[in-house]
Amino acid sequence: MGLSRLLLYGAFFHPNGNHLKNSPNPGSKAPKVIPRAAHNVSRDEISNAALKVLYRLHKAGYQAFLVGGGVRDAMLELHPKDFDIATDATPDEVRSLFSNCRLIGRRFRLAHVRFGREIIEVATFRAAANHVDDDSAHDPEGRIIRDNVYGTIDEDVWRRDFTCNALYYNIADFSVWDYTGGFDDVKRKRLVLIGDPAHRLREDPVRMLRAVRFAGKLGFTIDESVVEAMRGHTNLLTNVPAARLFDEFLKLFQSGFAERTFELLREHSLFGELFPATEEELSNDPKFLAFTRTALQNSDQRVADGKSVTPMFLLGVFLWIPVKKLAEIRRSEEKMSESQSLSLASYEIVAQQQRRISIPKRFTIPMREMLALQPRFAHMRGKRAANLLEHRRFRAAYDFLLLLSEVGMGDAETAAFWTEVQSQSPDERANSFQMQAQTGKKRRPRRRRRRNPTESS
Ligand code: ATP
Ligand code: MG
């Protein structure tokens, strides 16, 4: 969904001839056509919905290609889930073919064809804007902010990012069209940018994150030319709208390869561009690093097990030490409880973080709650303690507590207590919280009331 998604953010590749030193002139090169017998992109790897759209476009006389990650992942037999289709039909023509179709985007109209929960995105081939009347623009850093012209497949291809993402699977004869050498690059597991890498990263710095994301997910090597172009230019990411970075953040950390991706982001000095306060702490706090890694491993394991993952948990992990440190400062300035100080500090740290990645409130609010609950685990007696089990953020906060204790950043006995009480019956529980109330406190012996006052008299 990315290339067209990018359109909606108003950023797009504009292959200006001067910059595309290393690539052939757009439109000037014939593709290498790889017949079905010579590749392994099987229809079994393509969803029925995507096949339906492809076939219907084809039957109506249009060109219809599966493109992007769908082809790449099918070649790698990774069972792709996201399918992008490219065609020479205009969005209106696409719409007239499908009743379950909606056009989205104002300047760049894309067709979304819906089948139950699955959405197939159909994009009309686009050309470099400078071919026709110029309707594109770059910002002062060279980032593309507009591009808006329909074209042909041999123009469309040059706007894509990596060669492995620029393969077109033709439904007419099941061949794969390769203009950029992507077929070999998939086989050799290499991420190579189309065109001049420095220029391509300047016009859309998110491509740096995409390089790392694909390297993490696919185990590909980022080509040295790309690594070289990234070096010293990671701060270009500060020009990218924070909302777009949130989308990218989700893809980086929720696709099941978060740990590998995290290491790669740090290796290429990209993590600090996304989470500056976190990076600063990570580089001088080995426990925090271990904590973060363990959280990422757990999250990947959950994805592998088909369990749900929420970005708020990882955000809490990333921001924990910055929040904790600021909370201590706030507490030294003003009298407040530990929970209050954590809540206040979360608020401030999140506000700082929003400048890089805009995180919707539906994630920041539960994250603050989860962090602010941490000090409450230390209280293991009485009704208030028992009530914690009923808190709507208990589960997340407890998982967070476990993680802290696992890496030696939290008290193991406390974690064990909260693990234990969860499996207890209500009576046992009452007892546990009661027993806690008794430990350490000497009970004053109750004075016996005389049964019969007359007895002693
Ligand atoms: P995945 O679906 O696994 O994230 P993908 O390659 O399909 O991988 P999408 O974000 O779905 O990624 O994008 C679909 C295609 O659009 C890409 O394969 C690529 O050809 C093109 N594309 C996406 N984002 C960009 C970009 N920032 N610059 C250039 N081309 C892009
Ligand atoms: Mg995709």
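Trainee: Which helices each supply at least two residues of the lining of the second largest pocket?

Mentor: Three do: α14 (286–304), α15 (311–333) and α19 (394–406). Keep in mind that this is a predicted model.

Trainee: Which element gives the largest share of that lining?

Mentor: That is α19, with six residues.

Trainee: How many residues line the second largest pocket, and which lie nearest its centre?

Mentor: The lining has 16 residues. Nearest the centre are Asn-298, Ser-299, Arg-302, Phe-313 and Asp-399.

Trainee: How do the lining residues divide into nonpolar, polar and charged?

Mentor: Seven are nonpolar, five are polar and four are charged.

Trainee: And how much space lies in the second largest pocket?

Mentor: About 410 Å³.

Trainee: Let's move to Gly-316. Which helix does Gly-316 lie in?

Mentor: Gly-316 lies in α15. That helix also supplies part of the pocket lining.

Trainee: Is Gly-316 buried or exposed?

Mentor: Buried, because its relative accessibility is 0% and the cut-off for buried is under 20%.

Trainee: What is Gly-316 in contact with, leaving aside neighbours within four places in sequence?

Mentor: Four residues: Met-367, Met-370, Leu-371 and Phe-400.

Trainee: How far apart are Gly-316 and Ala-397?

Mentor: In sequence, 81 residues. In space, 9.8 Å, C-alpha to C-alpha.

Trainee: Now the core. Which residues touch the most other members of the largest nonpolar core?

Mentor: Phe-253 and Trp-418, in a core of 114 residues. The largest share of this core comes from α15, with twelve residues.

Trainee: Why would such residues be buried together?

Mentor: In soluble globular proteins, nonpolar side chains tend to be buried together.

Trainee: What does Phe-253 touch, not counting residues up to four places away?

Mentor: Phe-253 touches Ala-258, Phe-262, Leu-265, Phe-271, Leu-296, Ser-299, Leu-314 and Phe-318.

Trainee: What about the second, separate core? Which residues does it include?

Mentor: That core has twelve residues, among them Phe-65, Ala-86, Val-157 and Trp-177.

Trainee: Switching to charges. How many salt bridges does a search of the whole structure find?

Mentor: The search finds 24. Side chains of opposite charge can pair when their charged atoms come close.

Trainee: Which residue forms a salt bridge with Glu-203?

Mentor: Arg-207 does, with the closest N and O atoms 2.9 Å apart.

Trainee: Why do Glu-203 and Arg-207 count as buried?

Mentor: Glu-203 is buried because its relative accessible area is 0%. Arg-207 is buried because its value is 2%.

Trainee: What does Arg-244 meet in a salt bridge?

Mentor: The side chain of Asp-204, at 2.9 Å, N to O. This pair links distant parts of the chain, 40 residues apart. Arg-244 is in helix α10 (residues 242–254), while Asp-204 sits in the loop between α7 (197–203) and α8 (206–218).

Trainee: Are Arg-244 and Asp-204 buried or exposed?

Mentor: Both Arg-244 and Asp-204 are buried.

Trainee: Which residues do the shared partners join into one network?

Mentor: Arg-200, Glu-203, Asp-204, Arg-207 and Arg-244.

Trainee: One more pair. What is the N to O distance between Asp-156 and Arg-159?

Mentor: It is 2.9 Å, and the two side chains meet in a salt bridge. Asp-156 counts as buried because its relative accessibility is 1%. Arg-159 counts as buried too, at 2%.

Definitions and conventions
Residues are numbered from 1 along each chain as its sequence is written. Chains are lettered from A and ligands numbered from 1 in the order in which they are written. This is a predicted model: local features need pLDDT of at least 70, side-chain atom pairs count only at pLDDT 80 or more; totals for chains, interfaces and linings use all residues. Side-chain values use heavy atoms; hydrogens and water are left out. On a 1 Å grid over the protein atoms alone, a cavity is a set of points where a 1.4 Å probe fits but cannot get out, and a pocket is an open set with protein on both sides within 12 Å along at least five of seven lines; lining residues have an atom within 4 Å of a point. Grid points are joined across faces, edges and corners, and a volume is the space filled by probe spheres set on the points. Helices (H or I, at least four residues) and strands (E, at least two) are DSSP runs, numbered from the N terminus. Ala, Val, Leu, Ile, Met, Phe, Trp, Tyr, Cys and Pro count as nonpolar, Asp, Glu, Lys and Arg as charged, and the others, Gly among them, as polar. A nonpolar core is a set of buried Ala, Val, Leu, Ile, Met, Phe, Trp, Tyr and Cys residues joined through side-chain atoms within 4.5 Å. Buried means under 20% relative accessible area, exposed over 50%, partly exposed in between (1.4 Å probe, protein chains only). Contact means heavy atoms within 4.5 Å. A salt bridge is a side-chain nitrogen of Lys or Arg within 4 Å of a carboxyl oxygen of Asp or Glu.
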